Amino acid sequence: MVGYDPKEDGRINSKFEVAVAGSVSGLITRALISPLDVIKIRFQLQVERLSRSDPNAKYHGILQAGRQILQEEGPTAFWKGHIPAQLLSIGYGTVQVYKTLQDAVVTMYRTEGPLVFYKGLTPTLIAIFPYAGLQFSCYNSLKHVYEWVMPANRKHSENIKNLLCGCGAGVISKTLTYPLDLFKKRLQVGGFEQARAAFGQVRRYRGLLDCTKQVLQEEGAQGFFKGLSPSLLKAALSTGFVFFWYELVCNFFHCLKRTDS
């Protein structure tokens, strides 16, 4: 995992073990937070206000959206797009409106050609560097704050500290880069208006700047943060779980070595 120093905490983990720990933590975390990702993307793609006062709004809250998705599409709907999300999350928003990954790939390629798989790449590239940097910077800073704030006799285990600091880092970094994530999802599903008709109004965007302009004009500045609440919950749990499982697996490998020796 980026930023890992095997000498920092006295553990001796090989590069292979660190890679395995990072992969396992990502795999488990993605599976656990997939339902929140589904709800977040439904919110991001909804042009109507996320409010009970809007009669045309299909979704207006996390619990309400969860119940409606469960009733209309069944429990498996919360893991729509899970396989491509595990491989590469860039196409997740589009795959959710199709039955299978194969159906999505074939339809997308036939209707719009190979470039369709790179829709939303610009905001993705713009966001990925500051998000990753903020995530690890905040994580390290919060760990120092935790050590300073918590009295020695009230400090919890290292795993709890990693979980709490990871959650905080995820919330901060996700909030600061969230609008770019919304633009990415809007651009990714362009061209699939018929498949998305059941979810409400649809819009066409010519690029990142046009998407920004339309969202601002039609939905206001708050439109940039649609789905922020499930996104923050997802970010907190996701980042927290990633660091939690990562540290746990690294400790597991370290304990195995100590036992063998």
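In this predicted model, phenylalanine 243 has a relative accessibility of 3% and therefore counts as buried, the cut-off being under 20%. Its ring is paired with that of phenylalanine 136, the two centres lying 5.7 Å apart with the planes at 85°, so the pair is edge-to-face. This pair links distant parts of the chain, since phenylalanine 136 belongs to helix H6 and phenylalanine 243 to helix H10 (residues 228-260), 107 residues apart.

**Other aromatic pairs**
- Ring pairs join Phe136 and Phe243 with Tyr139 in a cluster, and the structure holds seven aromatic pairs.
- Phenylalanine 252 and phenylalanine 253 also form an aromatic pair, which is tilted, with 5.9 Å from centre to centre and 55° between the planes.
- Phenylalanine 253 is buried, with a relative accessible area of 17%.

**Nonpolar cores and surface**
- The largest nonpolar core has 12 residues, among them Ala127, Tyr178, Leu182, Val215 and Phe224.
- Helix H7 (158-188) and helix H9 (208-219) are the elements that give two or more residues to this core, and H7 gives the most, with five residues.
- Leucine 182, leaving aside its neighbours within four places in sequence, is in contact with Gln44, Val215, Gly223, Phe224 and Lys226.
- A second, separate core of eight residues includes Phe43, Tyr59, Ile69 and Ala77.
- Phenylalanine 129, placed in helix H6 (residues 121-149), is exposed, with a relative accessible area of 65%.

**Salt bridges**
- A search of the whole structure finds 14 salt bridges.
- Glutamate 73 forms a salt bridge with arginine 42, in which the closest N and O atoms are 3.0 Å apart, and the pair links helix H2 (residues 62-73), which holds glutamate 73, to helix H1 (residues 15-45), which holds arginine 42.
- Arginine 42 is buried at a relative accessible area of 7%, whereas glutamate 73, at 24%, counts as partly exposed.
- Glutamate 73 also meets lysine 80 in a salt bridge (2.9 Å, N to O), and lysine 80 is partly exposed, with a relative accessible area of 25%.
- Lysine 58 forms a salt bridge with glutamate 72, the closest N and O atoms being 3.1 Å apart; lysine 58 lies in the loop between H1 and H2, and glutamate 72 in helix H2, 14 residues apart.
- Lysine 58 is buried, with a relative accessible area of 17%, while glutamate 72, at 47%, counts as partly exposed.

Methods
Residues are numbered from 1 along each chain as its sequence is written. This is a predicted model: local features need pLDDT of at least 70, side-chain atom pairs count only at pLDDT 80 or more; totals for chains, interfaces and linings use all residues. Side-chain values use heavy atoms; hydrogens and water are left out. Helices (H or I, at least four residues) and strands (E, at least two) are DSSP runs, numbered from the N terminus. Buried means under 20% relative accessible area, exposed over 50%, partly exposed in between (1.4 Å probe, protein chains only). A nonpolar core is a set of buried Ala, Val, Leu, Ile, Met, Phe, Trp, Tyr and Cys residues joined through side-chain atoms within 4.5 Å. Contact means heavy atoms within 4.5 Å. Rings of Phe, Tyr and Trp (its six-membered ring) pair if their centres lie within 6.5 Å; planes under 30 degrees apart count as stacked, over 60 as edge-to-face and the rest as tilted. A salt bridge is a side-chain nitrogen of Lys or Arg within 4 Å of a carboxyl oxygen of Asp or Glu.
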